[in-house]
Amino acid sequence: MDEKTPVLEIKDLSVSYQTPSGFVEAVRGVNLTLYPEEIIGLVGESGSGKSTMAFAVMRLLKGEATVTGGLIKVLGKDVYSLNKKELRLFRWDQMAMVFQSAMSALNPVMTVEKQIFDTILSHRPQMSRQEVRTRAEELMDMVRIDRKHLKSFPHELSGGMRQRIVIAIAIALHPKMVIMDEPTTALDVVVQRSILNQIKEIQKTEKFSILFISHDFSLVAEMATRVAIMYAGRIVEMTDSQTLKLGERHHPYTDGLLRAIPQLTSEDVVIEGISGNPPDLKLLPSGCAFHPRCALAMERCKTEMPIPHPQPIGYIECHLYSEEGSRG
Amino acid sequence: MRYFFNRLGFLILSIWAAITLNFILPRLMPGNPAETIFAKFQGHMQPSQLHAMELQFGFSNKPFILQYFQYLGSLLTGHWGLSYTYYPTSVSQIIVTSLPWTIGLLGIATVISVVVGTLVGILIAWRRGGIADSTLPIATMFFQSMPLFWLGLVLVYFLAFTLNWFPMFHGYSSSVNVGWNWPFISSVIYHGILPAIVVFLGSISGWIIGMRNNMINTLGEDYVVFAEAKGVSNSRLIFMYAARNALLPQVTSLAIALSSIVGGQILVEQVFSYPGIGYQLTNAVSMEDYPLIQGMFLIIALSVLLVNFLVDMLYGRLDPRVRRRGTES
């Protein structure tokens, strides 16, 4: 897989929020590469910088948030080197995004059809209305919504339907990459399941890559081929879903998250959490950001930031896996 | 369509209620206009003359309900009574001549104020933090915080009295013939400028600030960010996605503003001696011209209801969610 040109390349990306008390780094030197037709899951607690990273890739950061370092390349193109017009045309054509709050991502005063038309015609003004209509109907079929709902307003649709329409809008222009930022968080499990199945199905036929962001471990393990675990703005472990489920060697934080998944089939119903709270990004602990919550923390964790230690698959950013570490 | 009939039914019902109140209220008051006039003459009038006056004004001792239907009948046929002040001119005649002045002047000034204020609000919200955004709301607020009649007096004093740029009062010059000819029309426009400026300056700040704040809220909405991401052009993004939604609360304010046009700008019309409804109403009140007051109240109530109906229709067109709620209820 590695020989192919990556769809998304993130190198040393840092994003900071400007606050009255100075800069706060929400994403701290993240590296990530997404290959064609691959699904990468990005997991982490709230506030770990997942969405910030997604918005940085889409170049949609607003207000106080700015990219302070690093490089983002989509299909070999540096997203931050494009001018405004190039960006407007490039975005959605090559990279699209399904928002976390897809329930409110549709304009309440426009019909579904108009919003799909807007998307297509903004990028393909030469297309005739008939062609656009055909494409819109095709998209509706793809997400399995009755074509008659093209004439509906968003408030006339259920949450799941709205979500599907947002997905339809995201894939309207055949993008090479779609970022899905917690696409099913607001929905109940049954709808969630059917939408995820559809996403997988569409992904197979349309052949795009997905960066799938979620805080739901089991969901990601099922959807993604590779999984990135994010903590306090860094990817602390990169692995694949197989290793995630069965492997022994994990970052202590990943172990903690795995233990927090309720096992319906097992006798043992004790669910362990990770003690403590996600760190305050303004007062990030020295050394490894996870050490105050880590049961296995050593003396050097308090002072020295760990480097990524390569594993059979991916890497783990923890001193335990260094040569001197207990698991190294 | 059902929304339309729903609203229409409500309109008819409220008009009926307004008319009925307008019928009942004066009859609940002690005394009658004839007695007021009688009292003014302080004994120089014979009781028989009082009786004659009562007959002339149409007082009767018929049952209430009969009077009520008679009242409804004469309303429908345009017999709104005769004004005392302008006797024997009929009340409907006075309303017909003064209403166009009020609607023309205040209506146009308000609509300009709404359109300009809303557009300015949209643009300064889009360029949030720019020079226009930090100066315009404060500058216009300066005028809005002044009492309108005082602003009017100041303008009359400086621009009309001292500098003689504008006429001081009335709706048109007495030297032109009334009709559809250019000297008359230009005279009307010339006389209208100053009061229009007062209404415009006095209300624009609210429209700018209201729209600006709505816009800033909507610009942060997910559907606007989503639309930006999907590549919609800037102008479409501003107007179809952000402004289109930010406009909805403005429409509600518009309903209130338009309703107050007919009855509201009494002081402005008074300052400029402008021959509109407000001016006539103050005259009628000071002359104790009951039929005229009653007619004025009725026309004010009717306009408020009618404007609200129209704004409801507009709102239904702008917001599909309202349309649906209308049919469900």
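In this predicted model, strand β3 (residues 39-44) of chain A runs parallel to strand β9 (residues 226-231) of chain A, and five bridges join them. One bridge pairs A:Ile40 with A:Arg226 in β9(A). Both strands belong to an open sheet of eight strands in chain A, whose order is β6-β7-β8-β3-β9-β10-β12-β11 and whose pairing is mixed. The edges of this sheet are β6 (95-98) and β11 (309-310) of chain A; each has a single partner strand, so one side of each has no neighbour in the sheet. Strands of a sheet pair through backbone hydrogen bonds, in either the parallel or the antiparallel sense.

Strand β7 (residues 177-181) of chain A is largely enclosed by the rest of the structure, because five of its five residues are buried. In a regular strand the side chains alternate between the two faces of the sheet. In β7(A), A:Met177, A:Ile179 and A:Asp181 point one way, while A:Val178 and A:Met180 point the other way, and all are buried.

Chain A also holds two cysteines to consider, A:Cys288 and A:Cys301. The sulfur of A:Cys288 has its closest cysteine sulfur in A:Cys301, at 5.9 Å, which is too far for a bond because a disulfide requires the sulfur atoms to be within 2.5 Å. A:Cys288 is buried, with a relative accessible area of 12%, and A:Cys301 is buried too, at 7%. Over all chains, the structure holds zero disulfides.

In chain B, helix α1 (residues 2-28) has 27 residues and reaches 39 Å from its first C-alpha to its last, close to the 39 Å expected at 1.5 Å a residue. Its buried residues include B:Tyr3, B:Leu11, B:Ile19 and B:Phe23.

The two chains both contribute to the second largest pocket, which holds about 890 Å³ of space. Its lining counts 27 residues, and A:Lys62, B:Trp126, B:Glu228, B:Asn234 and B:Leu237 lie nearest its centre. The elements giving two or more residues to this lining are α2 (84-90) of chain A and, from chain B, α5 (91-126), α8 (182-219), α9 (222-229) and α10 (234-264). By type, the lining has 13 nonpolar, three polar and 11 charged residues.

Terms used. Residues numbered from 1 in each chain as written. Chains lettered and ligands numbered in written order. Predicted model: local features only at pLDDT ≥ 70, side-chain atom pairs only at ≥ 80, totals over all residues. Heavy atoms only, no water. 1 Å grid on protein atoms, 1.4 Å probe; cavity = no way out; pocket = protein on both sides within 12 Å on 5 of 7 lines; lining within 4 Å. Points joined across faces, edges and corners; volume = space filled by probe spheres on them. Helix = DSSP H or I, 4+ residues; strand = E, 2+ residues; numbered from the N terminus. Nonpolar A, V, L, I, M, F, W, Y, C, P; charged D, E, K, R; others polar. Expected span 1.5 Å × (residues − 1). Buried < 20%, exposed > 50% of the residue type's maximum accessible area, 1.4 Å probe, protein only. Pairing = 2+ DSSP bridges.
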